[in-house]
Amino acid sequence: MKYIKRWSLMHSTVKENVMEHSAEVAQIAHALGMINKFVFGGSANPDKLAALAIFHEAAEVITGDLPTPIKYYNEDIRSAYKSIEAIAERQLVNMLPTEFADAYTEYVTPDTASLEGKLLKAADKLAAYVKCLEELKYGNKEFLKAKNATLKALKDMALPEVDYFFENFIRGYELTLDELD
């Protein structure tokens, strides 16, 4: 995962690979799970969310990182990519010793309709939003359109956990280390 570069169609001031992205998504997903559980009294499992996030892009070691504008260009491409991704996920699971295959299947192919699946998707989008903030902080205006599109996608999710994250944590991502106090 450390060899798969993200944001390949854009100039990035700070390069990012899939392994780094997955670690950031794991931290954000865990936070969303904690928010769900402790702020809203929900049933999300923060530890499971962190584990799901670690593996959420694992198939990209086979498929590579297809840029979002291409992946979602139209329904035919989106459907074809989902099919390719499913094949890659099965291949990864099949490469494991049989004792582990069933246990890892839920992490490599998460249930996107479940509460954890929705929070995982939100964490992935939040990580992309944070990347956009970082690039804009360094003066890279190429990420402005991506920031706005990602913000819209996050708002469209209508998840109270995401709203809480924005209200309480996103400001910290906009600050420099010297400004954190």
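Setting aside neighbours within four places in sequence, H56 touches H21, S22, V25, L120 and D124. With D124 there is also a side-chain polar contact, at 3.2 Å. This is a predicted model, and in it H56 sits in the loop that runs between α2 (46-55) and α3 (60-63). Buried or exposed, then, for H56? Its relative accessibility is 14%, so H56 counts as buried, the cut-off being under 20%.

Now for the charged pairs. Side chains of opposite charge can pair when their charged atoms come close. The whole structure holds 9 salt bridges, and the table picks out a few.

| Salt bridge | N to O distance | Relative accessible area |
|---|---|---|
| E106 and K48 | 3.1 Å | E106 36%, K48 27% |
| E75 and R78 | 3.8 Å | E75 53%, R78 33% |
| K152 and D156 | 2.7 Å | K152 52%, D156 52% |

The E106 and K48 salt bridge ties together distant parts of the chain: E106 is in helix α6 (residues 98-108) and K48 in helix α2, 58 residues apart. E75 and R78 are set 3 residues apart in helix α5, so about one helical turn separates them. K152 and D156 share helix α8 (residues 144-157), 4 residues apart, again about one turn of the helix. Besides these pairs, R6, E16 and E57 are joined in a salt-bridge network.

Helix α5 (residues 75-94) also carries I77. Together with L9, I70 and Y73, I77 makes a nonpolar surface patch of about 400 Å². I77 itself counts as partly exposed, because its relative accessibility is 30%.

Definitions and conventions: Residues numbered from 1 in each chain as written. Predicted model: local features only at pLDDT ≥ 70, side-chain atom pairs only at ≥ 80, totals over all residues. Heavy atoms only, no water. Patch = residues over 30% accessible without salt bridge, like charges linked within 9 Å, V, L, I, M, F, W, Y side chains within 5 Å. Areas by Shrake-Rupley, 256 points an atom, 1.4 Å probe, with all protein chains shown as cover. Salt bridge = Lys/Arg side-chain N within 4 Å of Asp/Glu carboxyl O. Helix = DSSP H or I, 4+ residues; strand = E, 2+ residues; numbered from the N terminus. Buried < 20%, exposed > 50% of the residue type's maximum accessible area, 1.4 Å probe, protein only. Polar contact = N/O pair within 3.5 Å; in protein donor to acceptor, adjacent residues only side chain to side chain. Contact = heavy atoms within 4.5 Å.
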